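This note is written for a colleague who is new to reading protein models. Please look at the structure first and then take the points in turn.

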Amino acid sequence: MNINDIINSIYRLPQTSLDTLIASISEVEYPKRFHLHRENKKETKSYFIKKGIVRAYAHKDNKEITFWFGQEGDLIFPLQTLFAGLGEYATVELLEDCVLYEIDLERLQDLYRNNIHIANWGRRYAECACIKSEKLFIARQFKTSSERYRELINEYPDIIQRVQLGIIASYLGISQVNLSRIRARIK
């Protein structure tokens, strides 16, 4: 996915601001299983996904609990580091070989301070991230695992082909056996 399209899908920037932001971004490639961010560590980079799929997970009772997937066009921002100066609450792992656009957090903060359009873009991204988190929270509280699975498939139609079923089951908060039963009923 093109960096211009990713940025403008969040908030349309004037061309000069878009050019300023893009000038601070570089394209990088990392292999499957690479960790972009690590739990309890302050991070220094943010990413835009050009190609590939990633997950965010945290540890609980010696288990990895996946709570977010990102794919082409999504952003990977270390929000706790960016907004609170704290270590991250999650690890972000690549589930495929990925091509990403990378920006240094200090540079991004500088752009926020010096360009109102880029600052508004960042605010809009934060708003979208809050809405997405709220929807996920509500789904976890009020929807059945079958309903959550259907929503996941609607949002990521090819996720079954790209992500191991155990990781998907973790995201849904169910066992892999229950996920298999749900998939058998829905087919």
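This is a predicted model: local features need pLDDT of at least 70, side-chain atom pairs count only at pLDDT 80 or more; totals for chains, interfaces and linings use all residues.

1. Residues are numbered from 1 along each chain as its sequence is written, and side-chain values use heavy atoms, with hydrogens and water left out.

2. An open sheet is formed by 4 strands in the order β2-β7-β4-β5, with antiparallel pairing. Strands (E, at least two residues) and helices (H or I, at least four) are DSSP runs numbered from the N terminus, and two strands pair if DSSP finds at least two bridges between them. Because β2 (35-37) and β5 stand at the edges with a single partner strand each, one side of each has no neighbour in the sheet.

3. Strands β4 (residues 54-60) and β7 (residues 91-94) run antiparallel and are joined by 4 bridges. Arg55 stands opposite Glu93 in β7.

4. The largest pocket is lined by 40 residues, and Trp68, Phe69, Ala129, Lys132 and Ser133 lie nearest its centre. A pocket is an open set of points on a 1 Å grid over the protein atoms alone where a 1.4 Å probe fits, with protein on both sides within 12 Å along at least five of seven lines; lining residues have an atom within 4 Å of a point. Helix α5 gives the largest share of this lining, 14 residues.

5. The second largest pocket has Glu93 in its lining, together with others including Lys32, Arg33 and Ile167.
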